[in-house]
Amino acid sequence: MSSSVYARSQVTAVRSSFRLRPYFNEARFDLLKMLRLPVYSLASIAFPVMFYVLFGVIFGKQGSGSGDAPRYLLASYGAFGVIGASLFGFGVGLAMERGQGWLQVKRASPMPHAAYLVAKLFTCLAFSTVIVLALMLVGVTAGGVHVSLLQATALFLVLVLGSIPFCALGLAISYFVGPNSAPAIVNLLYLPLSFCSGLWLPVNMLPHFLQRIAPALPPYHLGQLALLVLGYGEGTILNHVLGLLSSAAIGLGLAWLGFRRDEQKTYG
Amino acid sequence: MSESNHVVARLERVTKKFGNVTALKDVDLAIPEGRILGLLGPNGAGKTTAVRLLLGMMRPNHGRVTVFGGDPRNAGVRVRVGAMLQVGKVPETLRVREHIQLFSSYYPQPLQYAETLALAGLESVAGRLFGELSGGQKQRVLFALALCGNPDLIVLDEPTVGMDVEARHGLWDRVRDLVSRGKTIILTTHYLEEADALSDRIVVINNGCVIANGAPGEIKSSIGGKLIRCTTALGADDVRRFAGVLQVRENRGKLEIRTSNPDDVVRTLLSRDPGLSGIEITSTSLDEAFLALTRPQTNPAARKEEVYQ
């Protein structure tokens, strides 16, 4: 018996090099799991699209008459959409799986720890991609929005890549909220922040004190960056990129604190 | 024990604290290869902490944990260990098949998918979403996830909690199957019956200390015994000092005495209190005896410890 154990351990040593398969499967099944969860998949895609149809296409076209509203709101509702998918996908998804003990089961397995986070990031990016493409489709067809191919590509990249700092913020939130309160708390952060960052209404239509607060809010920078692509927006690209990078850094920093705190917690 | 002395995993003088709470106190534990070790104790005894240490999910404050001669957090060790933990909620929107495929891919040499299904008895529900399964089926999926990687050591943390008798016995048979394939198993439970039915060796743990360690027969005789009920003028503290008395408590005006030697205890009782009445002697059920053993204030090992301190 002991000789077989010895032989087996040598085999293990040879094979314990980096394997891509767990990463691939983790990402694939995480996406599948979230797609089948209407409370996430339907809500994260349908809400921004519905908002955009109501306020951008129907109300926007009729209201100003300039035809600019559907184009302007394509950028800002795009930001609204990808931020929601990221905060909910990461924040709520992780808080639930951690709080309900599923993460512990995964941690007890030989799953590479990074595979779990990479998979969640992949899922959020996939949802962001669908949201941005859906909004563009609605904008171009129903909204009569004109964008060049270059602008469309740039907008797509800005929104999808720009969602990553919100994944980091979601990760941070997941450490500080319980599995049951997570959806409510994320909503309480997400909706007011979106409003105050000028994602629903242009920033210059907001009350003055909010206009002053907005630049301190992460969604403001993604919104403005997306708007700059379409020729609107304020500030410089560098300014907003730095804003997003510092948001990501803050998110990761808080997540690290949360992780450390979690490690010290009592486990039965 | 004699034919296989190879130890697969070991806790050596391990202490684990969470803030002010000491979950494990100076615990030694050796898990022999190809056997089932039953870790028995009430909730909060430290079983789950021991399991988490063995799985490399946390590190001890003092002492050493080794699995297959290495650190349990080592990647080469982890692929030789499978675990079934207590979990509040498993993602419900993946199918049984998908859960198994995913966990199998964590291991370099997993079992064939069909073999995993058969070992866990999940053939008929492989295509179902996890959320559509019954309680027993859900437990069997978690069981499948523990064994799908073909690990040498399998850790089962309260595997039959919430199962009915039939499902529990079914799972016991599946655990025995694994041992016949040469697997080493650590099983935690708070049912003495379960530890007795499955284990080659039982370690009883309470308040973070190992209070008994032996073959199931030894454990049963040390924590089994008879229960004497009677009405007497004697105080519980007096009776507790009699030879052969394991535990005494007062219950609805009667004294309940658990003992390994009922004949002598009855003789002593009658000689001390001629007015003794309503005497009744029964066998204690094993679970009852076990509960008595691990109840904090009446636990003989803990009492001994207090004396030494």
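Predicted model: local features only at pLDDT ≥ 70, side-chain atom pairs only at ≥ 80, totals over all residues.
Visitor: What does the secondary structure of chain B come to?
Guide: Chain B has 309 residues, and buried ones make up 44% of them. Its secondary structure comes to twelve helices and 13 strands.

Visitor: Which share of the contacts in chain A with a separation of 6 or more comes from residues 24 or more positions apart?
Guide: Chain A has 268 residues, of which 44% count as buried. For its contacts with a separation of 6 or more, the share from residues 24 or more positions apart is 80%.

Visitor: Which helix of chain B gives the most to the side that touches chain A?
Guide: Let's begin with the whole meeting place: 39 residues of chain B are in contact with 31 residues of chain A. Helix 1 (47-54), helix 2 (75-78) and helix 3 (96-104) of chain B each supply at least two residues of this side of chain B. By class, the side has 19 nonpolar, 13 polar and seven charged residues. With four residues, the helix that gives the most is helix 3 of chain B.

Visitor: Is helix 3 of chain B roughly parallel or roughly antiparallel to helix 5 of chain B?
Guide: The axes of helix 3 and helix 5 (residues 135-147) of chain B come within 9 Å and cross at roughly 25°. Angles under 35 degrees count as roughly parallel. Therefore helix 3 of chain B is, relative to helix 5 of chain B, roughly parallel.

Visitor: Which residues of helix 5 of chain B make the contact with helix 3 of chain B?
Guide: Helix 3 of chain B passes helix 5 of chain B in a right-handed crossing. On the helix 3 side, the contact is made by Val96(B), His99(B), Ile100(B) and Phe103(B). By class, the contact has six nonpolar, one polar and no charged residues. The residues from helix 5 of chain B are Val141(B), Ala144(B) and Leu145(B).

Visitor: Which strands stand at the edges of the open sheet of six strands in chain B?
Guide: This open sheet has mixed pairing and the order 5-6-7-3-8-9.

Visitor: What is the bridge partner of Leu37(B) in strand 8 of chain B?
Guide: Strand 3 (residues 36-40) and strand 8 (residues 201-206) of chain B pair in the parallel sense over four bridges. The bridge partner of Leu37(B) in strand 8 is Arg201(B).

Visitor: Which strands stand at the edges of the open sheet of three strands in chain B?
Guide: Here the pairing is antiparallel and the order is 2-1-4. Each edge strand has a single partner strand, so one side of each is left without a neighbour in the sheet. The edge strands of chain B here are strand 2 (21-32) and strand 4 (62-67).

Visitor: At what angle does helix 1 of chain B run to strand 1 of chain B?
Guide: Eight bridges join strand 1 (residues 7-18) to strand 2 of chain B. Helix 1 of chain B lies across strand 1, strand 2 and strand 4 of chain B. Its angle to strand 1 of chain B is about 120°.

Definitions and conventions
Residues numbered from 1 in each chain as written. Chains lettered and ligands numbered in written order. Contact = placed C-beta atoms within 7 Å. Nonpolar A, V, L, I, M, F, W, Y, C, P; charged D, E, K, R; others polar. Buried ≥ 20, exposed ≤ 12 C-beta atoms within 10 Å, placed from the backbone. Pairing = 2+ DSSP bridges. Axes fitted to C-alpha atoms, helices over the stretch in contact; angles between N-to-C directions. Parallel < 35°, antiparallel > 145°, perpendicular 65-115°, else oblique. Left-handed = near helix turned anticlockwise from the far one by under 90°.
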